[in-house]
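This report describes one protein chain, starting from a single residue and moving out to the whole. The sequence and structure come next.

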Amino acid sequence: MSRLGDLFRFSRPAGPGFGLSKGYYLTVMVPQAQLPTPRQLVNPKGEGGAVPGFIVPEVGDKSALDVSLSRGHFAVASSDRKSVLRMTVFSRDEARFDPDVFLRSEFAQRLDPELRSRLAATWSLIQLTLHSHDAAVVPTLMFTLQCAHRAALLTQGVIADPLRESYELPEEMVLDGFAIDQHVGVVVASGDGMLVLETRGISKFALPEIRLSAVPPDLVPLAQAFLLSLAATHFQRGRLNVEDHVGAARARFLVATAPTTPGQTPKVLELVPLDHTTVADCLAAWREEHE
């Protein structure tokens with residue numbers, strides 16, 4: 001049986017040498033006017049399916065916790081207070097989000113019909129931004145995702161992860177342990193007859209994304225699995241660095257700095273086949289080691 005799926009899930013991420021970028025945030029696109037109360041989202045004992053933790057309005061008193069959410073700001077903390085978020089509720093007009101324009105984009109054309117339907121009806125947005133995070137990183141990631149998931153469930157909303165470049169229905173999400181593909185994705189672009197794959201979402205850890213060029217079309221699923229496994233190594237065995245060798249023992253990639261355009265940040269790591277091998281050779285060897 002293939003072990004590729006096992007590479008994305010593990011119980012004790014080490015979290016060495018990285019944190020969470022201040023630019024990390026999640027947004028719930030809400031397609032209905034009626035919003036839940038703050039206490040329905042987060043409360044100390046997790047009553048009624050809420051996320052365990054604390055939520056307080058930045059302006060006003062605790063009486064606001066039992067009133068439907070409206071425009072404003074809230075502080076949200078995990079039960080151990082090691083993860084602290086800022087939750088902002090605002091209208092789509094304030095966000096300058098035009099569903100019609102977005103849904104005409106090439107990216108949106110590929111989305112699931114139910115996603116498109118809910119995004120088209122976006123009424124307001126609930127945004128979760130990072131204030132401070134647990135030194136172990138993963139607990140804060142999961143807390144943020146749980147809060148966004150709860151808000152989306154209660155509002156029939158869609159969870160947007162801009163750094164991962166993804167939109168998800170809460171009903172389709174599985175929050176059973178940490179999985180790297182919940183937080184990191186892979187995009188595909190064309191280039192010189194072959195394809196270029198690049199991760200999206202690693203930058204939320206203030207780490208460089210990873211690029212793999214010259215991928216044959218028939219090997220895209222394998223290349224995506226390989227890139228996600230490399231993303232997982234940031235958590236399991238420490239961050240990737242330039243000059244590292246990765247992949248199968250008999251056909252490895254060199255980690256190099258990808259060419260950049262002026263002003264591009266952060267840098268991107270490029271995977272280069274070693275010893276006169278090809279991308280296809282390296283991917284095939286890696287697959288053999290993990291079957």
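Glu168 lies in strand 8, which covers residues 166-168; strands (E, at least two residues) and helices (H or I, at least four) are DSSP runs numbered from the N terminus. The model is predicted, so local features need pLDDT of at least 70 and side-chain atom pairs count only at pLDDT 80 or more, while totals for chains, interfaces and linings use all residues. Residues are numbered from 1 along each chain as its sequence is written, and side-chain values use heavy atoms, with hydrogens and water left out.

Glu168 counts as partly exposed because its relative accessibility is 24%; buried means under 20% relative accessible area, exposed over 50%, and partly exposed in between (1.4 Å probe, protein chains only). The side chains of Glu168 and Arg164 are joined by a polar contact of 2.9 Å. Such a contact is a pair of N or O atoms within 3.5 Å; within protein, one must be able to donate a hydrogen and the other to accept it, and residues adjacent in sequence count only if both atoms are side-chain atoms.

Not counting residues up to four places away in sequence, Glu168 touches Leu115, Val158, Ile159 and Met173, where contact means heavy atoms within 4.5 Å. Asp100 is 68 residues from Glu168 in sequence, and their C-alpha atoms are 18 Å apart.

## Nonpolar cores

The largest nonpolar core has 70 residues, of which Met87, Phe205, Leu212 and Leu271 touch the most other members. Its largest share, 11 residues, comes from helix 7 (residues 220-236). A nonpolar core is a set of buried Ala, Val, Leu, Ile, Met, Phe, Trp, Tyr and Cys residues joined through side-chain atoms within 4.5 Å. A second, separate core has 13 residues, including Phe102, Leu103, Leu111 and Leu119.

Leaving aside neighbours within four places in sequence, Leu271 has contacts that include Phe226, Leu227 and Leu230, and also Val246 and Phe253.

## Cysteines

Cys147 counts as buried because its relative accessibility is 7%. Cys282 is also buried, at 1%. The structure holds 0 disulfides, a disulfide being a pair of cysteine sulfur atoms within 2.5 Å.

## The whole chain

The chain has 8 helices and 14 strands. Along its principal axes, the C-alpha trace spans about 65 × 45 × 40 Å. Buried residues make up 49% of the 291 residues. Of the contacts with a separation of 6 or more, 63% are between residues 24 or more positions apart.
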